[in-house]
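Colleague: Could we go through the charged side-chain pairs in this model? I would like to take them one at a time.

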Amino acid sequence: MVKDTMQDMSSTQASSMTEGAYKTLRDARDGKAYSVTKINGDVWMTQNLRFTGTSLDPSTSNVASAKTITYGDLTSGDSYDEARIHDSGNSTTGVWYNFAAASAMTITGSRNSDTATESVCPKGWRLPTKNEQAGIMRYSSSFNPVASGYYGEGKLNGIDLGGYWWSSTAATYSGFTGRSNLEFRYNLLTVDDGYPGIVGFSVRCVMVKDTMQDMSSTQASSM
C-alpha cells in the first residue's frame, strides 16, 4: 500500500525531485494512488483525477472552507450552474468534470471570468493555469496523456481523437466565458483558448508552490 499522501508532500520533497522522475502518492481523501512527476519545474499528476467525494474539507481538499457538493451525471445533460461528473470506473480514463464540479462550485454561470482558485484537487494541489499547461506542451511523454475524450450533450465525444484537461484560466468561447484547456490530439499536446464550462473534461492537478502564508512551523524551525 502507498503510504505517502499527496496532501503531505512537502516543497522540500518537490524541489528535490529530479526533472522527469516519478513518484507514487495516495490521495488521503479516498486512498486512490496517483503517479506524479516533475515537468518544467512543477510537479504534475500523470494520471486523471478519480475523486468523486461530495464532502470537501480544507484539511484535505483545495477549498477555503468546508462544503458539500451534490453531483448530477454528465450523461443526463450539461449545466453551467450545477456540478456534474461522470465516473468511468477506470483508473486510466478517470472522471470527467464540468467546470462547476472541477472548481468545487466556485465558478458557475456562463459569464464568470474569475480565475479558479479552489478545486476538487487535494490540499496542496490545484488546477493548472493556461501558462503552466503551455509550458509542458513539449513534454508529452512525461505528462502521459490518455485519450479520454470529453462529455457534452449527454454523451462521450472525441475519445478517438484524444484527451482534454481543464485549466483555472478564463477564456471566451462563442460569446460565453469558458476555460482554456490542454488537449492531446493527433499525438500532440496543445493549449486551446476556450471551451464552455458545461462540458466534462478530465482533471490533472499541479502542486502548489510555497507562499509565505503556507510556511509551516516545522519548516520555520528547520531554518
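Colleague: Which residue does Arg185 meet in a salt bridge?
Modeller: In this predicted model, the side chain of Arg185 pairs with that of Glu183, with an N to O distance of 4.0 Å.

Colleague: Is Glu183 buried or exposed?
Modeller: Glu183 counts as buried, because its relative accessibility is 4% and the cut-off for buried is under 20%. Arg185 has 26% relative accessibility and therefore counts as partly exposed.

Colleague: Turning to Lys130, what is the N to O distance in its salt bridge with Asp193?
Modeller: The distance is 2.9 Å for the Lys130 and Asp193 side chains. This pair links distant parts of the chain, 63 residues apart: Lys130 lies in helix α3 (residues 130–134), and Asp193 lies in strand β14 (residues 188–195).

Colleague: Where is the partner of Lys23?
Modeller: Lys23 forms a salt bridge with Asp4, and their closest N and O atoms are 3.5 Å apart. Asp4 is in the segment before α1 (11–16), while Lys23 is in strand β1 (residues 22–26); the two are 19 residues apart and join distant parts of the chain.

Colleague: How accessible are those two, Lys23 and Asp4?
Modeller: Lys23 is partly exposed at 25% relative accessibility, and Asp4 is partly exposed at 40%.

Colleague: Finally, how many salt bridges are there?
Modeller: The count comes to 10 salt bridges.

Technical notes. Residues are numbered from 1 along each chain as its sequence is written. This is a predicted model: local features need pLDDT of at least 70, side-chain atom pairs count only at pLDDT 80 or more; totals for chains, interfaces and linings use all residues. Side-chain values use heavy atoms; hydrogens and water are left out. Helices (H or I, at least four residues) and strands (E, at least two) are DSSP runs, numbered from the N terminus. Buried means under 20% relative accessible area, exposed over 50%, partly exposed in between (1.4 Å probe, protein chains only).
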